[in-house]
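Hi,

Here's the structure I promised to pass along.

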2 protein chains.
Amino acid sequence: MIVEMEWESAMSHISTPETAADLAAVAALLEMADRLGIVPLLERGEPVTVTELAVAADVPEEGMGRFLGALVAAALLEPTGVKEFRIADDFADRIHQSGYLIWSLRANQPYVQHPAEFLRDPVGSAAQYRRDGREVAVSSRWIGSRGFYPAATEAILAVRPKRIVDLGAGAAGLLIDLLGRLPESTGVALDMSGGACQEAARAAHAAGVGDRLTVVERPIQSVADDPAPVAGADVIHAGFVFHDIVQEGDVFDRVLRRCREALRPGGIMAITDAVPFASAERERRFSSLFTYLHAEFMDVSLPPEEDWLARFRQAGFDQARCVPHRFPGGRLFIAAK
Amino acid sequence: MIVEMEWESAMSHISTPETAADLAAVAALLEMADRLGIVPLLERGEPVTVTELAVAADVPEEGMGRFLGALVAAALLEPTGVKEFRIADDFADRIHQSGYLIWSLRANQPYVQHPAEFLRDPVGSAAQYRRDGREVAVSSRWIGSRGFYPAATEAILAVRPKRIVDLGAGAAGLLIDLLGRLPESTGVALDMSGGACQEAARAAHAAGVGDRLTVVERPIQSVADDPAPVAGADVIHAGFVFHDIVQEGDVFDRVLRRCREALRPGGIMAITDAVPFASAERERRFSSLFTYLHAEFMDVSLPPEEDWLARFRQAGFDQARCVPHRFPGGRLFIAAK
């Protein structure tokens, strides 16, 4: 027999939102949806049926029905009819938040699980414990869906560029968004990953901008010796790739010089990247993890803000500036030619 | 050159706390600390040196120094001297919150990563993809540090019990806490895990209550045929173990009857456990994940609240009631003899 008064009284003492439990559960459920391959279908925002989703995931319909029931119970989906659902209004926010959890605890699992081994034998451990490229790509894309590029987008649109190049473009999310807003412009998406380039071409066509986007499968380092992909650009952007070449002798400097030479007069160079151990209250925890994982496990020392600006000056840019970011520890470094 | 005005203006637009990034980073850093074996040393709350922690983790001192630097940058530790640190004031909260993330995304990883396989072939997948018992135990303990038992503790202390039995006691955290507050009382910690029983005995001695705690290595099912461990108790508690025997025929009923018979007059039976798909806003997301993982991957159907209460009545308790919990979906079912 339930004593209603007591229940109410007890409940009033535990009204604190369970933020950590909420975020953890949502991330686990969304990772399952990702593993089932149904996130793109859901993200369209249109009603979808259990049958469509079961076919897409190649699993029995009853099982998919139970999983979708769990997503409804967790407020990620809403029923729109008999065995038909659509995503809740905050789905995009939930994807973005989950990106941080999945990047930290799943994509970096080989590091997070073996710190003692890395501290004792960095080289042997780096060879033995490797990250799953797909987990890194998916979680980075989920973080990036809201966190990486709003500052860059704003700065780039202000230039009204005819031609935009993105170095380390991944699946070209930033370029596809920009070309959609600038119907006269063309773009170049450069990335060293064949898979990312294929996805970029596919996504550009799906978004109706495929005829204005050139995809180039190459590492950013190649620009030091062959600047053809950046030629005649009004904007050259590079997101989270320059930190990978910090330790490679003069390559960073040569790539940045070639970019400056290639830009049209009045064009801008924009680098979205990270500084180490950002200390603001809203940044310090994630920035610490991001910095530490790169330094200890990936042999990447993120340059401090002054260092990024000095590298711009060295390459001939005289007005480089640093704009903060939503992504903790993220910065937009920007300079006009 | 940094344009200060622009920086300030841009920063003012991104003052939102990055809750998801914060929680994710803290959980990853604390999991690393756990893997390094330094959490117990830190949790004492006294200042500790880099050397002590490096020795405990068996890693080079410089490497431990860099890791502790990351923990300071993330506001988890505070320096108290040269190469000496203590935990920040909110460390216990951070451990508790991280428990939810690590349970959801790390301990249940074999399930979260392979939903399609389980939906196609539940039996084969259950044999192939198994959880790591240590990850489950650590993350459950971290959640339980604040979430599981405050309601039970309050209800048990109100009875002023002389003898307390905990079924599925794990490392006996609840009993050690209770015996510390009730210096005249004795307790019995029953658990089927040998490792948990060893840890319970060790922890009880460390807490100075070892002479008043009996540890019994047995499954809860054994009480159905041999109620000796529960004999003469004023309080019998069971946390998150009865749901494991829901499907085992009449075992649940027989265990509960033996408990009722064994209780002294006026004694109480208290079960901390979970109901399926709790729908309150603060519970629904984690409760959905918890319910779905148990049903689809562990073959455990959590009984609804009415079902728990009916089982109490069937075993001869006539005043069972249900008290809510901080743990999302958790309930305390309690009945006097």
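Between chain B and chain A of this predicted model, there are 18 residue pairs in polar contact (both at pLDDT 80 or more). A polar contact here is a pair of N or O atoms within 3.5 Å; within protein, one has to be able to donate a hydrogen and the other to accept it, and residues adjacent in sequence count only if both atoms are side-chain atoms. On the chain B side that touches chain A, helix α2 (residues 19-35) gives the most, with 14 residues. Helices are DSSP runs of H or I with at least four residues, strands are E runs of at least two, and both are numbered from the N terminus.

Eight salt bridges also link chain B and chain A, counting a side-chain nitrogen of Lys or Arg within 4 Å of a carboxyl oxygen of Asp or Glu. One of them joins A:D22 and B:R285 (3.6 Å, N to O).

The area buried between the two chains is about 7000 Å², with carbon and sulfur atoms giving 65%; that's the accessible area (1.4 Å probe) the two parts lose on being put together, summed over both. B:L105, B:R282 and B:R285 supply 11% of what chain B buries against chain A, more than any other three residues. Each chain puts 79 residues into the contact, meaning heavy atoms within 4.5 Å.

Now for a spot inside chain B. B:D166 sits in strand β4 (residues 163-167). It is buried (under 20% relative accessible area, 1.4 Å probe, protein chains only) yet has no salt bridge, and the nearest side chain of opposite charge, B:R141, is 13 Å away. Lys and Arg count as positive and Asp and Glu as negative, with His and the chain ends left out. The B:D166 side chain does make a polar contact with that of B:H237 (2.8 Å). Beyond its neighbours within four places in sequence, B:D166 also touches others, including B:L174 and B:L175.

On the bookkeeping: residues are numbered from 1 along each chain as its sequence is written, and chains are lettered from A and ligands numbered from 1 in the order written. Local features need pLDDT of at least 70, side-chain atom pairs count only at 80 or more, totals for chains, interfaces and linings use all residues, and side-chain values use heavy atoms, without hydrogens or water.

Cheers

Methods. Buried means under 20% relative accessible area, exposed over 50%, partly exposed in between (1.4 Å probe, protein chains only).
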